[in-house]
Amino acid sequence: MRYCIIGGSAAGTSACEMIRGIDKKADITLITDEKFALYSRCLLSYLLAGSINEDKLKFKEKDFFERNKIEALLGVRVEKIDSKKRELGLSNKKKVTFDRLLIATGARPKEMGIPGEDKKGVFALRTIEDARGILNRSNKGVKRVAILGGGLIGMRDAYALGHKGFDIKVIVKSGQILSQMMEKEGAEIIEAHIKKFGVDVMKGLAATEILGKDEVSGIILDNGNKLDCELVIVGKGVAPNIELAKDIGLATKEGIIADDYLAASQDGIWTAGDVCEAKDLVTGEKTVNALWPCAVEQGRVAALNMAGKKTKYEGSQSMNSLDLFGLSTISIGVTKPKGAGYEILTSKTENSYKRLVIKGDILWGMTLVGKVENAGVYGILIRNKINISDYKKILLRDDFNYAKILPLIKKEAQKFCKPEFQDILLTY
Amino acid sequence: MTDKKQKKGVKIFCDITKCLGCKACELACAVEHSKAKELALSIKEKPTPKKRRKVSGVEDKIMSFGCQHCEEAPCVAACMSSAMYKDPVTGETKHDKDKCVGCWMCIMVCPFSAIIQDVTDKVAMKCDLCPDNEDYACVAACPTNALFSGTPEEFKRRVEEKSSPAALKRTKIKSGV
């Protein structure tokens, strides 16, 4: 059996590992357009901040490909999929054949679509090359940095460079930062905190042009004002790389549509990771949850199915974790509900904030700022749709932890199949 | 390293029927993870040694809990720097402090609230099954034998055996009732 995997990040590598675990004799080829392999994209902001070096970006051992007997084609782009001949056309003019294919092509930063975006000193932070470029540039007398976008990527970049003492301005179109992740009240706590460390958020504004001759010298905002800066980082989110899939007529929407077994709409092709649009556990709708843990899990499930072990994908859960200058925040599930029938519970102290979104006695989502240690406990209540009608006050309390929900787990024990849950229940 | 510590699947269990909530396990855990490894000396250490176990009320009962070293560990799958990993021999969920960047993805997915933030070093922290100790500090400190180290099968056997008359008698003698 010949397996081909397009993409060498979280989904691609976890799939390789799983296929090799099941099928010792299979031919496995992994193709990625990046030369620097096996690094964790999510760690790039830590590289930028100077808290780790390039060696520590690696999330697999150096001999990962050899040990798993995987033919890795690095720095090679797949230009065409021929689904009839079961063949991939590569940028090095070679062709490789496959019996089963995984498309884990990931996503790329969205562009602003404004004049001047091609000037030197304008970056996104998605690849190691981007990070090297920013580091290189920031060592050349850069003092002022404009970050376009106040989402997770924008905030992580702001932290990384703010941490190094640059003067940071974050330009946010909406009335708050992290608008995809949480509602305003939580975001305001974070905004006030990062301001103390020199990160200034300018809300309700957008850049309309990037100025400079060859190199960036500033930006023009939509209120007509000019802002001087030597470095611009675009953090407007990512778009899945669906072109290859579209070319062969696979069903796509935002990403490549996957069924409950992560198969794409044609025989012999599966999809996983940031390009995959699969079921969301909480809403039940198909969504691209572009998250590291989801990509790893999807890679594994897709691989199991590819290798003939039919395994249903339970679904992904929207969640995020962020730490800015020592203030942690985690959100899971539906945090900004649309429509009626939701009950919102909040509690706030000087340095922590908790917000729970409840509907029909079930926890749908939550946001924690400051004190986050119990995030995963809320997570399993959300994931398993546990009835929390008598527990609303307990969920909000400061001393909430796993022990507090043990009665709920006992009541709906059939939903908690993992042996660890059952072991704890043995004496309760 | 004792043979017991090399056995696959060994971890710490709590018999909730026996836990009194004395927090001896919490204290022993903090001391075990101090520099001095002795109560009187470790109290004054900076940063203050931290416990990796929690004692908490469950309705009218009390339990002590920590990392379950899950077979399919969500923290390992979620870790983007491979700081969390499984020991291939013992199955223990291990944490490499040097690789950890403090992104808290592990906390986000741990159902047992067993991972703690070490804010001093900005890294995750959890039960490491006492690598510097022949025994397990919390189990050794537990005055009622509520805490037990062993495999899930051994714990199950112990719980079943406990309800036999002979075992009940043994417990009474031990606890001085």
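A salt bridge here is a side-chain nitrogen of Lys or Arg within 4 Å of a carboxyl oxygen of Asp or Glu. The tour applies that rule to a predicted model, in which the count comes to 34 salt bridges over all chains.

**Stop 1: a pair in chain B**

Select B:Asp128 and B:Arg52, whose side chains meet in a salt bridge at 3.8 Å, N to O. B:Asp128 is partly exposed, with a relative accessible area of 23%, whereas B:Arg52 counts as buried at 14%.

**Stop 2: the interface**

Display chain A and chain B together. The area buried between them is about 3,800 Å², and carbon and sulfur atoms give 62% of this area. In chain A, the residues that lose the most area to chain B are A:Glu373, A:Glu420 and A:Thr427, together 18% of what that side buries. The contact takes 45 residues from chain A and 49 residues from chain B.

Next, select A:Asp323 and B:Lys122, which form a salt bridge with their closest N and O atoms 3.9 Å apart. Across the interface the rule finds two salt bridges, as well as 20 residue pairs in polar contact. To colour the side of chain A that touches chain B, take the elements that give two or more residues to it: α8 (292-306), β22 (319-324), β23 (327-333), α9 (375-383), α11 (406-411) and α12 (419-425) of chain A. The largest share, five residues, comes from α12(A).

**Stop 3: helix α4 of chain A**

Move to residues 128-138 of chain A. Eight of the 11 residues of this helix, α4, are buried, so the helix is largely enclosed by the rest of the structure. Among the buried residues are A:Ile128, A:Ile134, A:Leu135 and A:Arg137. For the surroundings, show α2 (44-49), β9 (122-123), α5 (152-162) and β16 (231-234) of chain A, against which the buried residues of α4(A) pack.

Which residue meets A:Arg137 in a salt bridge? The partner is A:Glu215, at 2.9 Å, N to O. A:Glu215 lies in the loop between β13 (207-211) and β14 (218-221) of chain A and A:Arg137 in helix α4, so the pair ties together parts that are 78 residues apart in sequence. A:Arg137 counts as buried at 14% relative accessibility, while A:Glu215 is partly exposed at 39%.

**Stop 4: further charged groups in chain A**

Select A:Glu191 and A:Lys203, joined by a salt bridge at 3.1 Å, N to O. A:Glu191 belongs to helix α6 (residues 184-195) and A:Lys203 to strand β12 (residues 199-203) of chain A, 12 residues apart.

**Stop 5: A:Asp280**

Finish at A:Asp280, in the loop between β20 (276-279) and β21 (286-287) of chain A. What does the side chain of A:Asp280 reach? The backbone nitrogen of A:Thr283 lies at 3.1 Å from that side chain. A:Asp280 is buried yet has no salt bridge; the nearest side chain of opposite charge, A:Lys385, is 7.1 Å away. Leaving aside neighbours within four places in sequence, A:Asp280 is in contact with A:Glu285, A:Thr287, A:Asn289, A:Ser316 and A:Ser318.

How values were computed
Residues are numbered from 1 along each chain as its sequence is written. Chains are lettered from A and ligands numbered from 1 in the order in which they are written. This is a predicted model: local features need pLDDT of at least 70, side-chain atom pairs count only at pLDDT 80 or more; totals for chains, interfaces and linings use all residues. Side-chain values use heavy atoms; hydrogens and water are left out. Helices (H or I, at least four residues) and strands (E, at least two) are DSSP runs, numbered from the N terminus. Buried means under 20% relative accessible area, exposed over 50%, partly exposed in between (1.4 Å probe, protein chains only). Lys and Arg count as positive and Asp and Glu as negative; His and the chain ends are not counted. A polar contact is a pair of N or O atoms within 3.5 Å; within protein, one must be able to donate a hydrogen and the other to accept it, and residues adjacent in sequence count only if both atoms are side-chain atoms. Contact means heavy atoms within 4.5 Å. Buried area is the accessible area (1.4 Å probe) that two parts lose on being put together, summed over both.
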